[in-house]
Amino acid sequence: MSPAGRHQRRRDNVGNWAEHLLTERRRRSAEPDLISRALASNRLGVPSVVFFGVAGAAPLTVVIGGISTVYAVIGQTAAPVVYLVVAAILSIFTVGFVAMSRHIVNSGAFYSYISHGFNRELGVAAAFVALPAYAMMQIGLFGLFGVVAAGVLEAFGLTTSWAVCALVAWALVSVLGILWVDLSGKVLGALLAAEIAVVLVYDFIMVANPAGGQVTFDTLSPAQLLTPEVAAMMVLAIAGFVGFEATVVLSEEAKDPKRTIARATHFSVIAAGLLLGASAWAMSVATGPDRIVAVAAEEKTDLVFTLITPHVPEALVSIGYLLFMTSIFAALLAFHAAVSRYQFALGREGVLPGIWGYTHPRTGAPVVGSIAQSILALAVIVFYSFLDADPLVYLFAWLTTIGGLGVLILMWSASAAVVAFFLRNPGRENIWRGMLAPIVAFFLLSVVLDATVIGLGDILQVPEGSPFRWVFPVAYAVCAVLGILWAMIMRRVWPHNYAMIGRGGGGSRALLDLADFSKPHSHAVAGASQVHPIRPIDQVGKR
Amino acid sequence: MADQYYLIAHEDRTGRSRLHPRATGLGLAAALLAELVLEGRVGINDGELLVLDQRPPRDALNHDILDLLNTQPQHRDMRTWMAYLAQDAGLRVAERLMRVGAVEMVTKRRMLGSTQVLYMPNTARQRNAAAWASTRVANILVRGMELNLPDRTLVGVVVATGLTRHVMYGFENYPHIYHALPGMIASLPSDLREIVECTESLVGSALTVGRR
């Protein structure tokens, strides 16, 4: 006989039952359970995502290389306010863009948004625009790096041509790209922090030593936005933000896909806008608003360094030059990784030949895309060095501007795709995120794109009647048409691959029925957290 | 089966993973889920897990996972479970292998005083057994023999995580194997095929992001 009588046992039973009920209730009320918490611990918070977005943009490269080019090329003093306005436009664009990223799988690159919002043909067209655009942005940076590195070496008494420096950088980037070395960790973080610190110190020095002894706010006046050159300035400004859109790649890695990515993307756009706007203003203060254009045209990328040299110890300028170099190099590496990843994603979905979908088994490096981009870059560098063209103008400024035009085209069509997506799938987001913001963004980006296409000749500084005034937008159009044709061929010949375009290439052998988005990814919808008990077999019925 | 996959996915001499660490984790998670499916405890339908039989399996690790599935009924999405299991699948399968004596725990001291714990075959016999894991599969494939269900699933996970080349190392002269692989995966029962497809897509996304 057990020591407990039947009353005792009965009380135990009741106790067990009550306890079971309690734990059950507690488990259901406590929001993040064991599994969610364990998964969240390995996920990214806002700072990491911001870092991912800003590191690609390399602030020092943009401040020193980009802003002076904007002043010199456009010949307008509106740069500070243009950076702020571009940040605002991109921020509005981000609202709808991030909202859509929650509702589609494989929310990686622009082309997947376009293939979800419109159709797969336009998606492939976007991919065909994106590939040359991002590739050119990277290759253009080699020109800047070559010139800057050659300048630094000359200070040490070594005279080399820019091409040699660019080729050394090319070799390093190619090797690191194939090894898939993860510089993104502490090294890049420290570099980024140092860059931002240097930019802030320089800005402070420039504002503290204004031309004529007084600080003016003329260049910040919004009235300048009414001048016709402003829209053309915007494409150059947008090129300085490229990289922020990469944050949505991490949406499946973020702690809270609903908020983390949105906050981080907004934060990186606005922070970059403020930093760049402030720097552009500080430069104009240091030279005086009426002289900034002339000085910038004369000094080019040395503008900032020339302005601060009289006021700071020599070491600070040297540190600036070194950081400028490493910053360009980091940007080169980041763009290289982005381009090869883009090619990998396309290879995986069968848009590019299957070999592009191959990764190195151990490191996961998209080897083929990496090599392809390296070969292309090598060809361009060698071509330019034989051409003996000014690398700063024809390699850096031209290619990044043309690449920026491509990215602008992508953003514009992505903003249209967001509108189309939420028209087709109403009620998924509130009216601001799903309707108003995307439409406003589409309108603003249309204006910028329109003005850019018209004013491209002036941005590139080619004379009237030169074919370069119109050939680049036409080339992008040709790329897009080729993409549409390619998608049609795919639809006829490889219907399986066609169905997977923009869908991440998962299980390409079977899962064909992805035409309707009945299942957005797991954590994104509010309904996913409601309780679905797993029923044992006797309730479900025999299989 | 997860044991076999572990031995295939790690180098027998150094104990390092042959794949991107996240890909290895996902492959092991897939193998563990497949074990539960093969034991008839769990079914998979349209990306959702379904506990068919709550009775504890014989193996301690399977038992552990099934208990977790039972106590967390609010999560049914297979991708969630794969991501969860992938986090520590390597460690847990290694511990299981240690219990049966196939690997041993080796602590390596690296530069700057950090240590690394590896689970690797340490004696000649263990190394032989580990190397046999992939050779055995390759042999059966090359000779065109009929694979049983666990082995077919194993091959599916190997293909999905990109270890095919390694398993076929030295058998490049038999291209007919490669042509047989898709058919073999297609012939799996639907639950197991879903696991393989899900693994492939998750490994792809993990590599696209490129984070460790």
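How many of the residues of H4(A) are buried?

1. The count is 16 of 16, so H4(A) is mostly covered. Buried means 20 or more other C-beta atoms within 10 Å of a residue's own, exposed means 12 or fewer, and partly exposed is in between, with C-beta atoms placed from the backbone.

2. A quick word on the ground rules. This is a predicted model, where local features need pLDDT of at least 70 and side-chain atom pairs count only at pLDDT 80 or more, while totals for chains, interfaces and linings use all residues. Residues are numbered from 1 along each chain as its sequence is written, and chains are lettered from A and ligands numbered from 1 in the order in which they are written.

3. Now look along H4(A): this helix bends by about 30 degrees at Gly66(A). The bend is the angle between axes fitted to the seven residues ending there and the seven starting there. Helices are DSSP runs (H or I, at least four residues), numbered from the N terminus.

4. Next, chain B. Gln126(B) sits in helix H5, residues 124-143, and is partly exposed, having 18 other C-beta atoms within 10 Å. Setting aside neighbours within four places in sequence, Gln126(B) is in contact with Ala102(B), Val103(B) and Pro121(B); contact means C-beta atoms, placed from the backbone, within 7 Å. Val103(B) is 23 residues from Gln126(B) in sequence, yet their C-alpha atoms are 6.6 Å apart in space.

Notes: Helices (H or I, at least four residues) and strands (E, at least two) are DSSP runs, numbered from the N terminus. Two residues are in contact if their C-beta atoms, placed from the backbone, lie within 7 Å.
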